[in-house]
Amino acid sequence: MTTVAETPASPPAEPRGRWRVLLALVRSALAVGWLVVMVTVLVAGERESSLAQLEQAVASGEVGVVGLAEAPERGDREVLVSWRDGLVRHVTWVVQGPRRDGDPLADDGGFEVDEGYGENVIEGDVRAHLTMLDPDVRFEAVPWRGHRPTLMEWRVPHPWSGALVVLYLATLLGVLTSGRPWRATRWAWFWLVLGAAPVAVPAYLLLAGRAAGVPHPRPGAYRLTGGWAFLLSVAVGTLVGVR
């Protein structure tokens with residue numbers, strides 16, 4: 001059997017003319033869109049926290065006002081608690097009610113408690129619970145904002161959640177329809193963006209093609225393939241909490 005020596009991979013093909021300009025415009029538009037969404041989420045969004053973090057902030061006097069919103073379908077049993085720590089607004093869900101046999105997830109009133117609440121289940125009223133930590137803490141009623149999509153533990157405000165979905169789908173479409181990308185195959189970038197978007201999207205916009213200040217890949221440089229990218233996307237997605 002005659003073996004054929006493998007030749008080094010050729011440099012990434014460069015789109016020419018109007019197509020290259022169009023690709024550059026699309027990538028720039030996606031980059032600007034993601035930047036706007038990320039800034040909006042950081043400024044107007046809310047960071048998901050825990051009851052323990054709230055208790056620590058109230059006990060230290062860092063939080064003077066706590067917002068409470070009762071879930072319409074569960075009355076006063078499930079409460080969305082919000083507070084501001086500096087420029088960041090935090091939220092957490094608290095289930096208030098009786099315990100049984102020391103089990104924080106048990107309930108005698110027919111109220112089914114999701115195990116996802118973990119330690120965010122307290123006896124009695126959340127106001128009394130926090131007042132014991134700081135008698136000067138104040139409470140205010142706020143509108144129920146329900147469950148929202150999250151981006152790396154940040155709740156995306158409406159209507160930006162719709163814009164986030166559109167932008168995400170546009171990025172995936174750009175990955176599948178663009179020219180031969182740099183540093184990874186098209187399917188590799190697809191799996192990365194699909195499974196680890198918070199990390200992979202900026203990496204794709206910076207590394208998959210021409211970008212100011214980013215060096216070109218060397219001729220014959222290794223390109224990540226789809227199989228390895230799939231495994232990497234699962235690992236990174238698990239670490240950054242993509243959901």
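This is a predicted model: local features need pLDDT of at least 70, side-chain atom pairs count only at pLDDT 80 or more; totals for chains, interfaces and linings use all residues.
View 1. Residues are numbered from 1 along each chain as its sequence is written, and side-chain values use heavy atoms, with hydrogens and water left out. Not counting residues up to four places away in sequence, Thr171 touches Leu30, Trp34, Val193, Val201 and Tyr204; contact means heavy atoms within 4.5 Å. Thr171 lies in helix α4. Helices (H or I, at least four residues) and strands (E, at least two) are DSSP runs, numbered from the N terminus. At 0% relative accessibility, Thr171 counts as buried. Buried means under 20% relative accessible area, exposed over 50% and partly exposed in between, with a 1.4 Å probe and protein chains only.

**View 2. The crossing of helices α4 and α6.** The axes of α4 (residues 160-177) and α6 (residues 197-207) come within 12 Å and cross at roughly 50 degrees. That makes α4 oblique to α6. Axes are lines fitted to C-alpha atoms, for helices over the stretch in contact, and angles run from 0 to 180 degrees between N-to-C directions. Angles under 35 degrees count as roughly parallel, over 145 as roughly antiparallel, 65 to 115 as roughly perpendicular and the rest as oblique. The crossing of α4 and α6 is left-handed, a term for a near helix turned anticlockwise from the far one by less than a right angle. Tyr168, Thr171, Gly174 and Val175 of α4 make the contact with Ala197, Val201 and Tyr204 of α6. The residues of this contact divide into five nonpolar, two polar and no charged. Ala, Val, Leu, Ile, Met, Phe, Trp, Tyr, Cys and Pro count as nonpolar, Asp, Glu, Lys and Arg as charged, and the others, Gly among them, as polar.

**View 3. Strand β4 and its pairing partners.** Seven of the nine residues of β4 (residues 88-96) are buried, so this strand is largely enclosed by the rest of the structure. Two strands pair if DSSP finds at least two bridges between them. Strand β1 (residues 46-48) pairs with β4 in the parallel sense over two bridges, and Arg47 has His90 of β4 as its bridge partner. Strand β5 (residues 121-122) also pairs with β4 in the parallel sense over two bridges; here Gln96 stands opposite Ile122 in β5.

**View 4. The hairpin of β3 and β4.** Strand β3 (residues 78-85) runs antiparallel to β4, and eight bridges join the two. Asp85 stands opposite Val88 in β4. Two residues lie between the strands of the hairpin, where Gly86 takes a positive phi near 70 degrees.

**View 5. Phe139 in strand β6.** Phe139 has its place in β6 (residues 138-141). At 26% relative accessibility, Phe139 counts as partly exposed. Phe139 and Gly67 are 72 residues apart in sequence, yet 5.8 Å apart in space, C-alpha to C-alpha. Leaving aside neighbours within four places in sequence, Phe139 is in contact with Val66, Leu68, Arg127, Leu130 and Thr131.

**View 6. Arg183 in a loop.** Arg183 is found in the loop between α4 and α5 (186-195). Although Arg183 is not a glycine, it has a positive phi of about 65 degrees. At 23% relative accessibility, Arg183 counts as partly exposed.
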